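Okay, thanks for coming, everyone. Let me put the model up and then walk you through a few contacts I'd like us to look at together.

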Amino acid sequence: MEGAVPGEVPGSVLFACTHNAIRSPMAEGILKYLAGHKVYVDSCGVRPLGMDPFAIAVMDEIGIDLSRHAPKGFDDLEDDFFDLVISLSPEAQHSAVELTRTMDVAIEFWHMPDPSLVEASREVRLDAYRSLRDDLMRRIRRRFAAVRPPGS
């Protein structure tokens, strides 16, 4: 299905990536921060792994706490109906298409880099995570333009 209208705010959004340890929990945290209770937001991964400490650290820098996020897979979702599924990795895109094959749901693919693949000093690695965080923030703000963060 073709993606939903940019700026439109759906009632429920699922972010999906490969492990639900970096990209999708960061996106989930950002949209929850911006939308509050206006949108139901969840995330999952194809093969869930433990939460990435660098992701927790860079999200904490902007006041979003991911420390209690429990990574989960597509099969672990409490609800599998969403108005919009946003895949953040090619593998997740394939799983999202399979999940929604018989549903009327919009799917968008935002190819986002995996910062855990950066092999360098701690600070360079953190910068890769910050870059992902900032890219997600810009993309989410642009995609969900009608949503405003608390206090704005």
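This is a predicted model: local features need pLDDT of at least 70, side-chain atom pairs count only at pLDDT 80 or more; totals for chains, interfaces and linings use all residues.

Let's start with Lys-32 and Glu-28: these two form a salt bridge, with the closest N and O atoms 2.7 Å apart. They sit four residues apart in helix α1, so about one helical turn separates them. Lys-32 is partly exposed at 39% relative accessibility, while Glu-28 is buried, at 6%.

Over the whole structure, the search turns up 13 salt bridges. Another one is Arg-23 with Asp-114, at 4.0 Å, N to O. That pair ties together distant parts of the chain: Arg-23 is in helix α1 and Asp-114 in the loop between β4 and α4, 91 residues apart. Arg-23 counts as buried because its relative accessibility is 7%, and the cut-off is under 20%.

Then there's Glu-61 with Arg-133, closest N and O atoms 2.9 Å apart. Here the loop between α2 and β3 is linked to helix α4, across 72 residues. Glu-61 is partly exposed at 43%, and Arg-133 is buried at 8%. Through shared partners, Glu-61, Glu-123, Asp-127, Arg-130, Arg-133 and Asp-134 join into one network.

Now, the nonpolar side. Which residues have the most contacts inside the largest core? Phe-15, Met-26, Leu-88, Leu-136 and Ile-140, out of 33 residues in that core. Elements giving two or more residues to this core include α1 and α4. Leu-88 touches Phe-15 and Leu-136, among others, and also Arg-23.

Last one: Ser-87, in strand β3, is buried at 0%, and its side chain makes a polar contact with the side chain of Gln-93 at 2.9 Å.

Key. Residues are numbered from 1 along each chain as its sequence is written. Side-chain values use heavy atoms; hydrogens and water are left out. A nonpolar core is a set of buried Ala, Val, Leu, Ile, Met, Phe, Trp, Tyr and Cys residues joined through side-chain atoms within 4.5 Å. Buried means under 20% relative accessible area, exposed over 50%, partly exposed in between (1.4 Å probe, protein chains only). Contact means heavy atoms within 4.5 Å. A polar contact is a pair of N or O atoms within 3.5 Å; within protein, one must be able to donate a hydrogen and the other to accept it, and residues adjacent in sequence count only if both atoms are side-chain atoms. A salt bridge is a side-chain nitrogen of Lys or Arg within 4 Å of a carboxyl oxygen of Asp or Glu. Lists of a residue's contacts leave out its neighbours within four places in sequence.
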